[in-house]
Amino acid sequence: MGIRTMLTVAVCAATALTGGVAVAAPGGAQAGTAGGTATTTVREDFNGDGYQDVAVGSPQATVDGQLYAGYITIAYGSAQGLGPARTTTIDQNTPGVPGEAGEGNGLGFQMVPADLDHDGLTDLALYSNEWLPELSNYGSVIVLWGRTGGMTGKDSVRIPGPESGEMGNNLIAGDFNGDGKADLMMAHGSQDEYLDQRSVLYGPFNRSGKPAREQFVPMFDSDSRMDTPAKGDFNGDGIDDLITFYGWEGNVEDTRLWLGTPQGLSTTYTRLPSGRVPAVGDFDHDGKDDLALRLVPNGNEEDYPTDPGTIRILYGSASGPGTTRSRIITQDTAGVPGVSEKGDQFGARMSAGDVNGDGYDDLAVGVPFEALESKAGAGAVVLLKGGPGGLSGTGAKSFHQDTAGVPGVAEKSDHFGGSVRLLDVNKDGKADLTAGAPGEDLEAVADGGAVWSLRGASTGLTTTGALAFNPVDLGLLAKKSGFGQNLAGDNGPSLNG
């Protein structure tokens, strides 16, 4: 069972079925028209009400009989925080969404929030692992436009793709030329000679999904695979930089920093220490973003299942991250709850945000394979606090389903902390934790998944007012959906173990 079914208020009355998946407008309101103003400063606000929202991915879900088609659920923020009655669920069979739910599309595996059309409302770019025979093209990027009454499929578009080749992999958003408009970096190659490149599509995007311009940047020297990239202003010049990670057949290769400039992303790079699962925040409040990385055990991803977990913090500086100082943190670091044990995978997912409102970003660290007594893989989240010296173990706290006040009961293979995101969903100036447990067993329906919301407070995260919800609460198909496997902006690798 694991999670106590909560807040099963009249969700069914507020939902309508689109393509077999329930859709609830926030507060039961009708979806509004697109619009807004460019003065909106709240990040990840899909409906323009000033509260941050959370997009939850269920990439393993079956939709209309199509295995692993996937769907996404927008949980809207409010003065009360998140709740199942304020949600919208969308798949590729939702009216207006390009394409159709197909086996293996995995919608929700990559979800990138950004104001792409510069109207003040956050949009959501989604990668679909679909084959488009009319273009001989593999993969697509679908944009759901932010709307004042709540996100729908209406007017959503595919980013125009190449005539052949790879499309949408390594998707990430940032402002790589500092003009105040969101850009996208992704695979967008159309010919063999472009296979060693990635594209930066510069905003603003028009409503057909076309960018203002495109820049090809050579990013590969070999047949390496690029893993989940990261973006942030690591040198404090007001322009986002890009960090890319490479490997081949499980072996970790180099990490590269590409600086943003007023002309766009630099075409030359600086090497950084290797790692995976990046999270970006200003942990020492010096005006330069810092980079948190998970170290790959023995340099080989095949060793993840036995990895206790180690994270490295590369602090930003005028010359980039990690050039002046760095720090290693494990569960054996003084003050960090727990013990560094085989297979815990401390750092399998991470997210940065200011939980207590002191101006220093904190770091939520997922430990999805943490054992709680005899419950292997029950999972936990550890919150590391930022401060003048950056992150440390001082004041760190651990949260899981057996923590007093957290809904549910920890069980084997729940993998609580399998996704984490710090966003201020109740607009009190303090980041709240959204944590996923994609392996949560829901009323004997295996692997339905669930998400939890814990509020930020001046003392850190609090379990007061904590809540959880799952596909059953939303009237959705639950079996093996992996609800909560990903959260928008937290698109790390699949859990290993």
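This is a predicted model: local features need pLDDT of at least 70, side-chain atom pairs count only at pLDDT 80 or more; totals for chains, interfaces and linings use all residues.
**Exercise 1. How many helices and strands does the protein chain have, and what share of its residues counts as buried?**

Solution. 
- Start with the secondary structure: the chain has one helix and 33 strands.
- Next, burial. Buried means under 20% relative accessible area.
- By that cut-off, 60% of the 497 residues count as buried.

**Exercise 2. Describe the chain's contacts and its accessible surface.**

Solution. 
- Take contacts between residues at least 6 apart in sequence; 57% of them join residues at least 24 apart.

**Exercise 3. What is the strand order in the open sheet of four strands, and which strands lie at its edges?**

Solution. 
- The order reads S5-S4-S3-S33, and the pairing is antiparallel.
- Edge strands pair on one side only; here they are S5 (87-90) and S33 (486-487).
- Now look at one pair. S3 (residues 54-58) and S4 (residues 71-75) run antiparallel, joined by five bridges.

**Exercise 4. Characterise the second largest pocket by volume and lining.**

Solution. 
- Volume: the second largest pocket holds about 350 Å³ of space.
- Lining: 18 residues line this pocket, and Pro59, Gln60, Gln485, Ser494 and Leu495 are the closest to its centre.
- Classes: the lining of the second largest pocket comprises eleven polar, five nonpolar and two charged residues.

Notes: Residues are numbered from 1 along each chain as its sequence is written. Side-chain values use heavy atoms; hydrogens and water are left out. Helices (H or I, at least four residues) and strands (E, at least two) are DSSP runs, numbered from the N terminus. Buried means under 20% relative accessible area, exposed over 50%, partly exposed in between (1.4 Å probe, protein chains only). Contact means heavy atoms within 4.5 Å. Accessible areas come from the Shrake-Rupley method with a 1.4 Å probe; for residues, only the protein chains shown count as cover. On a 1 Å grid over the protein atoms alone, a cavity is a set of points where a 1.4 Å probe fits but cannot get out, and a pocket is an open set with protein on both sides within 12 Å along at least five of seven lines; lining residues have an atom within 4 Å of a point. Grid points are joined across faces, edges and corners, and a volume is the space filled by probe spheres set on the points. Ala, Val, Leu, Ile, Met, Phe, Trp, Tyr, Cys and Pro count as nonpolar, Asp, Glu, Lys and Arg as charged, and the others, Gly among them, as polar. Two strands pair if DSSP finds at least two bridges between them.
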